[in-house]
Each structure stands twice: as C-alpha cells, then as structure tokens.
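Let's go through a few of the labels that get attached to a model like this one, and ask what backs each of them up.

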Amino acid sequence: MKITQHASADTLTLLLDGELDASSSVLLDTELTKPETLQYQKVLINCQKLNYISSAGLGVFISHLQQFQDAGVKLVFFNMQEKVHNVFEILGLDTLMTIVPSETEATAI
Amino acid sequence: MKNALRISCSRGNLKVVRDFVTDSLLNYHLSPLQLNQIVLAVDEIVANIIIHANGEDESQHLDLAIDVNDKAFGIEIFDNAANLYKPSSYHEPDLPEFIRQGKKGGVGMALVNRIMDRVEFTTQGTQNVCRLYKSLAQPEQ
C-alpha cells in the first residue's frame, strides 16, 4: 500500500495505491490519526488504484468517521472500483459513508 | 482440484493467502465481484486466526487446503491455537453504533457470514479447523 497526499487550502486528498488489508491498514490509520488532518474541511480518498479492501481497511474509516464529523471534516470517497464498492455494500457502509463517482463530484460536496 | 499451502502466523502472509485463493479459482470464470468476495472471506478468517487466535506468533503455522470444482469452492484452514473462535459469540454489527464509538474491528465475521454459504468451526484434539463453502453455480437466467 502506497499513500500519496495532495493538500490544498481546505482539502486533503489521499491517493491509495494497492491493497488495504490487516497488514497495510496500519499505515492508513497513522495518516488519518495525524492531528493536522482535522484542520481541513474535506478529506478526499481517491480509490482509483485501491485494488482490495478488507474489514481492517474498512475499520480504519469507521473508527475515524465520527471524529471527522465532530470536527466538521467531510470524508468523501471517489473513483472507487466496483469490487471495492461491493465490500462497502455487503455491510451497508455505502449508505453511511459518502461515496461519489468522480473527483469533480467529490470536490463539489 | 486440490491445493495446499502452509504459512507462518504473520499478517504479512495475508497477501500470499489471497494470491493462493485467486490462483485456485482462475480457471472457473468467476466474475471479478465473486472472485473478490471469496478471496475476502478467506482473508478475513486467516487474519482472525493469525492475529487473534495465534497472537501473530510466527513460530506457529496455518495449513490451508482448497477443494474447488465447477460447482463449489471449499477451503479448510487448520491451526493449533488454544484460543478458538466461538461462533456463538457472533453478533451482527450495529454499524451506526460502531461509527459513534469509533470502533476499529468487529465487521470481519459479518463479511464472511454474508459471503459464504457455510461457515464451520470445529476442534479435533488440539487442531482447530475452519471450513468455508461457497456454491459457484451461476443463477438461472
């Protein structure tokens, strides 16, 4: 798993590249735990190169969502592959998290 | 077709397990979603056994045996941990509550139970066996 960051004034975009499992999810958790993350209005997760997600990866997002919401930070996923989106659907997480097709729509939220 | 794999109890081996399951299913023309779901279910069980049952003790190992044909996928996962998962302890996750609590774990078995057709845990002597089964029959049009 490789995580590339791009920050603008109010938005942090994380490009996830690879597979998010019980081994690699620690890296993502470390990124989202950084205090400065809560200073942005939006955290966008670009899932274009995310080829796999397990419950450990989902757990990282589940565990940070409330803290983001309390701090007024919007967490938005975009460019998600169908097989990754399917994992969110199996649990019903697609209705609890904001997932949009493209970066344009993610930016407009 | 039967396939076997032995790994040490390291979470770094989860990718090895996913590749093993993927390779075993390559000739069965599954959709990308079906294939990913089966790989995910096995990954979840193996991660639980490595991390929770065996405490990531790399001196311990797991044995996996896959039996697959046109109609069904089956896998047996053997380990020797004293700390056996008890299916009776399973509760359906309350996701809004998990989010409110900032809970990191607890959804893996829900994925396994929703994906697989049969999930069994047994102990024979000192050996634990988890068996997962999934029909590969295509739904009738």
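Helix H3 of chain A is followed by A:Gly92, whose phi is positive, near 80°. Helices here are DSSP runs of H or I with at least four residues, strands are runs of E with at least two, and both are numbered from the N terminus. The model is predicted, so local features need pLDDT of at least 70 and side-chain atom pairs count only at pLDDT 80 or more, while totals for chains, interfaces and linings use all residues. Residues are numbered from 1 along each chain as its sequence is written, with chains lettered from A and ligands numbered from 1 in the order in which they are written.

Q: Why is A:Leu32 called buried?
A: Buried takes 20 or more other C-beta atoms within 10 Å of the residue's own (12 or fewer is exposed, in between is partly exposed, and C-beta atoms are placed from the backbone). A:Leu32 has 21, so it is buried. Its place is in helix H1 (residues 25-33) of chain A.

Q: Which residues is A:Leu32 in contact with, leaving aside its neighbours within four places in sequence?
A: They are A:Thr37, A:Val60 and A:His64. Contact means that the C-beta atoms, placed from the backbone, lie within 7 Å.

Q: What makes the buried residues of H3(A) line one face of the helix?
A: In H3(A) (residues 82-91), A:Lys83, A:Val84 and A:Val87 are buried. Seen down the helix axis, the buried residues of H3(A) fall within an arc of 110°, so they line one face. That arc is taken over the directions from the helix axis to the C-beta atoms. They pack against strand S3 (42-53) of chain A together with H2 of chain B.

Q: How do H1(B) and H2(B) pack, in angle and axis distance?
A: The angle is about 145°, and the axes are 9 Å apart. Axes are lines fitted to C-alpha atoms, for helices over the stretch in contact, and angles run from 0 to 180 degrees between N-to-C directions.

Note on methods. Two residues are in contact if their C-beta atoms, placed from the backbone, lie within 7 Å.
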